[in-house]
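Biologist: I have a chain open on my screen and would like to learn how to read it. Could you take me through it feature by feature?

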Amino acid sequence: MDDDKLAFGDSDEFVIEYNEDGSDELLFTCANANDQVIFGYTTTNLDMLWQSTTSGDTVTFDSSGLDVDVADIDIDLDDAANLRFGSSDDV
């Protein structure tokens, strides 16, 4: 059925929902502020590919190459945003 939710936990602490109310978004919701949504498995070389509706617009997380490839997608940062490099923000 449209807009049904898949909920986990005694109090629906984690919910997956496909929103068809004009936005057509797949929503992952955590009930608690410190909860996380984790994709992949730490002991397996698992790559992830995020695709846009435009052919060739992708973000690839390559676990074997320890690489993130952003292809034909702009990354916008707000005025107060920070982009840090290096393990101690030293670059």
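Biologist: Where in the chain does Leu 77 sit?

Modeller: This is a predicted model, and in it Leu 77 falls in the segment that follows strand E6 (67-71).

Biologist: Is Leu 77 buried, partly exposed or exposed, and why?

Modeller: Buried means under 20% relative accessible area and exposed means over 50%, with partly exposed in between. Leu 77 has 48% relative accessibility, so it counts as partly exposed.

Biologist: Which residues form the nonpolar patch on the surface?

Modeller: Leu 77 belongs to that patch, together with Val 68, Val 70, Ile 73, Ile 75, Leu 83 and Phe 85. Their accessible area together is about 650 Å².

Biologist: Which residues gather in the patch of negative charge?

Modeller: On the surface, Glu 20, Asp 21, Asp 24 and Glu 25 make up that patch. Glu 20 is found in the loop joining strand E2 (14-19) to strand E3 (25-30). Its relative accessibility is 34%, so Glu 20 is partly exposed.

Biologist: Let's turn to the inside. Is Thr 58 buried or exposed, and why?

Modeller: The cut-off for buried is under 20% relative accessible area. Thr 58 has 15%, so it counts as buried. Thr 58 is part of strand E5, which covers residues 58-62.

Biologist: Which residues is Thr 58 in contact with, leaving aside its neighbours within four places in sequence?

Modeller: Thr 58 is in contact with Leu 49, Trp 50 and Gln 51, and also with Asp 69, Val 70, Ala 71 and Ile 73.

Biologist: What about backbone angles? Which phi value does Asp 12 have?

Modeller: Asp 12 is not a glycine, yet its phi is positive, at about 55 degrees. Asp 12 lies in the loop between strand E1 (5-8) and E2, and a relative accessible area of 44% makes this residue partly exposed.

Biologist: And what is the phi of Asp 72?

Modeller: Asp 72, also a residue other than glycine, has a positive phi near 60 degrees. Asp 72 is placed in the segment after E6. With 63% relative accessibility, Asp 72 counts as exposed.

Biologist: Stepping back, how many helices and strands does the chain have?

Modeller: There are zero helices and six strands, giving the pattern β-β-β-β-β-β along the sequence. Of the 91 residues, 8% are buried. The chain exposes about 8000 Å², with 47% of that supplied by carbon and sulfur atoms.

Biologist: What share of the contacts with a separation of 6 or more comes from residues 24 or more positions apart?

Modeller: Such pairs account for 0% of those contacts.

Terms used:
Residues are numbered from 1 along each chain as its sequence is written. This is a predicted model: local features need pLDDT of at least 70, side-chain atom pairs count only at pLDDT 80 or more; totals for chains, interfaces and linings use all residues. Side-chain values use heavy atoms; hydrogens and water are left out. Helices (H or I, at least four residues) and strands (E, at least two) are DSSP runs, numbered from the N terminus. Buried means under 20% relative accessible area, exposed over 50%, partly exposed in between (1.4 Å probe, protein chains only). Contact means heavy atoms within 4.5 Å. Accessible areas come from the Shrake-Rupley method with a 1.4 Å probe; for residues, only the protein chains shown count as cover. Patches are made of residues with over 30% relative accessible area and no salt bridge: like charges are joined within 9 Å, nonpolar side chains (Val, Leu, Ile, Met, Phe, Trp, Tyr) within 5 Å. A salt bridge is a side-chain nitrogen of Lys or Arg within 4 Å of a carboxyl oxygen of Asp or Glu. Lys and Arg count as positive and Asp and Glu as negative; His and the chain ends are not counted. The place of a charge is taken as NZ of Lys, CZ of Arg, CG of Asp or CD of Glu.
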